[in-house]
Structures are given as C-alpha cells and as structure tokens.
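Open the model in your viewer and keep the selection tool handy. We will go from one stop to the next, and at each one I will tell you what to look for.

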Amino acid sequence: AAQLPLVINTWPFKDATQRAWDTLHSGGLALDAVEKGCSQCEFEQCDGTVGYGGSPDEHGETTLDAMIMNGNTIEVGAVGNLRRIKSAISVARAVMEHSSHSLLVGESASIFAQNMGFLSEDLTSNTSLSIHAEWLSKKCQPNYWKNVFPSAKTSCGPYKRKEGQWSKRHRMPAHVVDVHNHDTIGMIVIDKSRSIVAGTSTNGATHKIPGRVGDSPIVGAGAYADSTAGAAAATGMGDIMMRFLPSYQAVEYMRLGMEPTTACQKVIARIQKYYPKFFGAIICANRTGGYGAACSKCPGFNQFHFMVHNPSGTSEQIVDCI
Ligand code: SD4
C-alpha cells in the first residue's frame, strides 16, 4: 500500500536515498531532501556519471546538468553545461530561489554560481582525463548508435570533422549515453505535508559536443513535479528522451488517474514507436505515495534498478524492461 513520506530515485544509488530520507527525518522539507540526496551522488561521483570527474566532452572537460522542481509552486531551477562547479543541484536550487529564471547555461551559469558563493574548481579527474585520452587515441568508436539510428554511419571522433562542415553524421556525438555509460540521478520526494519535489543531476553524455545539454535540466523531460498529481524523473539517452517530455507526460497520465507503473510504461512505449531500441528508464510517483518505474529493453539492458524508501523501509527494486 502507498505510504508517505516517500523517497524514490533512479539506479541503486543507496546513499543518495538514505541521505534524502535522513534529511526528511531531521525535519527537512522535500526540497531539502532532493537537494541533499542528489548532492550525495555528486559528491560520491555515482557510477562516474553524476558529478565531477566523469563523462568528458570532446575537449576533455566535464560539465554538469541539473534541475530541481517544486511541485507546490511549480517553480523550477536548472543549470545546463555548468562548468567548474561541483554542486550542480545546489546551483539549480539557487537559480530557483535567487533568480526569476528557470534555466541558466554554460559559462554564464558558472559565473552566477560563483557570485552566489559556490566554489570554482577543476571538474576533471585522472579518470576523466584517461577516458578522454583513450577516446582520442582511437580512430573510430564502436557505434552504439547503430542500434538506435539504423541508418547511422560509423561515428568517429572530432579529428575527422572537417572545419566548418556539419554533416548529418557529425550531428551525432561520437559515443554517448548507453547501458555502460548511464546514470543520471533522478529523485522524487514526497514529504509528510504532501509536497512533491523532483530533481536530477548528471554529467551527461561522454564525448558530447561541447555545449550539448541533455534532458536532465529540461523541465518535463528530465523531471517534473506537480503536488496535485505526482512527479516523474527520467534517465537514459537524453537526446532522444527529451523529444517526448516523458516526465511531464507521465505526470499527466497520473493526473488522469493512471497507476504510476502504467503511466511509466505508456511513456516508454511512446518513445519506442519512434526509437525502438533507445536506452532509457523512468520513475513515477503519484500524490498518495504510489510509485512505479519502466524501462526500454535494448541490447544489454533488460532490467532497471531503482531505490525506494518509505515508512516500511528501504529497498532496491527491479523492473523488467518492456
Ligand atoms: C543525458 N539523461 O544527459 C542523461 C544521461 C543519463 O542514464 O541519464 N544516462 O542524456
């Protein structure tokens, strides 16, 4: 049976779940719980795909995408392509609370963060440097995109790009989000007062073209929250998923009375109509604390793991992909 409060997040990022739960337990609001939970992953560099030191872009730089949405007020703060600042979710919250804007990007977002007192630091690590160096040393990358875009040619690194020419194939990043290179933290928290907050944090897609912003900081794509209906958060191939506003869609399905699991499945099925082998998953929670998840089956990905914490305890849950 549905119970409140509820913390649910993508992937088995247990410490993030615990941190969010502890935040609620010590009197924090849903907003604080989502911020602290996602911060925990940024700090731990969950799977190398959240926080600093992972997913280097074509130039070897790690940049971060994050958002937070308050489902009571429908306020949002987000950052895309954030440079040199480790705590992306907290900067997103600062955008929400200390500006009248919803999304800041790139160097300007970093300057905003610095002005707000966030520490400016190098986001590269030995790991991200070696991922980048290895990629540069290879002539052509294994083309995961073939599964998604059957017509795609082998995609190669930036050295193959002719100056000033942006052919169709070069619009695809050489090697981006796949099952071995996944993991945005997406988190939904419902506190005792039934406030619903959703958030995301990620370092995006490996070897992305500098300037690429994924789905995670896009309202309705990476996450959505409306305390009168529910919330959702997505993970996977952001370049594809953001075209469907999956989180918004899932919340709207729940508003119409659909069960969370069904809402998640319908969203995944819609994307599959256009991209049958895309890699992605979504988690959903309705306003009473019911929750669900769904994922898209693709090579190497049959099951999706996510975390749940409510008054009955904490558990890692597994859903079979459709
Ligand atoms: C992105 N959605 O930037 C993110 C990455 C991700 O699981 O979630 N991977 O596309």
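Two residues are in contact if their C-beta atoms, placed from the backbone, lie within 7 Å. Keep that cut-off in mind for the packing below; note also that this is a predicted model.

Start by selecting helix 8, residues 246–255. Seven of its 10 residues are buried, so helix 8 is largely enclosed by the rest of the structure. To see them, pick P246, S247, Q249, A250, V251, Y253 and M254. What do these buried residues of helix 8 pack against? Colour strand 7 (223–226), strand 8 (230–236), helix 7 (238–241), helix 9 and strand 9 (280–286), and you have the partners.

On the helix 8 side, show P246, Q249, A250, Y253 and M254; on the helix 9 side, P260, A263, C264, K266, V267 and I271 make the contact. While you are here, step just past the end of helix 8 to G257, which has a positive phi of about 105°.

Now move to the largest nonpolar core, with 86 residues. Select V34, V79, A92, V189, A198, A232 and I282, the residues with the most contacts inside this core. Helix 3 (residues 88–98) gives the core its largest share, seven residues.

Finally, centre on A198: leaving aside residues up to four places away in sequence, A198 touches V34, M69, M187, I188, A223, Y224, A225, A231 and A233.

Methods:
Residues are numbered from 1 along each chain as its sequence is written. This is a predicted model: local features need pLDDT of at least 70, side-chain atom pairs count only at pLDDT 80 or more; totals for chains, interfaces and linings use all residues. A nonpolar core is a set of buried Ala, Val, Leu, Ile, Met, Phe, Trp, Tyr and Cys residues joined through C-beta atoms within 7 Å. A residue is buried if 20 or more other C-beta atoms lie within 10 Å of its own, exposed if 12 or fewer, and partly exposed in between; C-beta atoms are placed from the backbone. Helices (H or I, at least four residues) and strands (E, at least two) are DSSP runs, numbered from the N terminus. Axes are lines fitted to C-alpha atoms, for helices over the stretch in contact, and angles run from 0 to 180 degrees between N-to-C directions.
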